[in-house]
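Have a look at the model, then read on.

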Amino acid sequence: MLKVHHLNESRSQRILWLLEELGLDYEIVRYQRDPKTRLAPPELKAVHPLGKSPVVEDDGRVLAESGAIIETLIRRHGKGRLAPAPEDQDAYTHWLHFAEGSAMLPVMQLLYVKRLGEAGAPLMPRIDSELKNHLGYMEGALQGREYLVGQALSGADIQNSFVLESARAFRLLGEYPNLTAYLDRLHARPAYQRAVEKGGPYALGR
């Protein structure tokens, strides 16, 4: 059975969603963030040297990094589900890597700079510009489309969900009706709702 090392309020929530969409059996090993630092507990370092989540154990193999986990589990267990059609492979690869390679950087910068208060104010114009650049790009990509790639949900949508959930938590989606409707569609999926129920409280999903 697959084992998911799941940190509350983290990227591992989308891995639970992936497994629900694939209909796979899995075990959840739960970890809680430190209430003051919001960091993962040291116990996660015993699972993987980075001490972060998600980490998945699959038949004795330890997988880390959300994009790699999604790609690997779909290949090993998906039986064609959530995978792109051959003609969509390039777009799928782009969006799978876009989430963490590009879009999450300004979101994380915003998170940390906000903690600096006035000291971080000089950085905000550049961060705002980058957020608008990336969210605007996604908004345009979803014009007239329900999903990022092809005509059905894929691993790329699951990977990018955390970007938009984080953006919504910062109240950044008001100018982007396509992204708002897209995220609402993702959250309405029964598999997504089962994953949140199993994973525990998830404020980013609101």
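## Two helices side by side

Helix α2 (residues 66-77) packs with helix α5 (residues 155-169) at about 155 degrees, and their axes sit 10 Å apart. The axes are lines fitted to C-alpha atoms, for helices over the stretch in contact, with angles running from 0 to 180 degrees between N-to-C directions. Angles over 145 degrees count as roughly antiparallel, and α2 and α5 are therefore roughly antiparallel to each other.

Who touches whom? On the α2 side it's S66, G67, I70 and I74, and they meet G155, I158 and Q159 of α5 (contact means heavy atoms within 4.5 Å).

## About the model

This is a predicted model, where local features need pLDDT of at least 70, side-chain atom pairs count only at pLDDT 80 or more, and totals for chains, interfaces and linings use all residues. Residues are numbered from 1 along each chain as its sequence is written, and side-chain values use heavy atoms, leaving out hydrogens and water.

Helices (H or I, at least four residues) and strands (E, at least two) are DSSP runs, numbered from the N terminus.

## The sheet and its helix

There's also an open sheet of 4 strands, in the order β2-β1-β3-β4, with mixed pairing (two strands pair if DSSP finds at least two bridges between them). At the edges are β2 (26-31) and β4 (61-64), each pairing on one side only.

Strand β1 (residues 2-7) pairs with β3 (residues 55-58) in the antiparallel sense, over 3 bridges. Here K3 stands opposite E57 in β3. Helix α1 (residues 12-22) packs on the sheet and touches β1, β2 and β3; the direction of α1 makes about 150 degrees with that of β1.

Conventions
Parallel < 35°, antiparallel > 145°, perpendicular 65-115°, else oblique.
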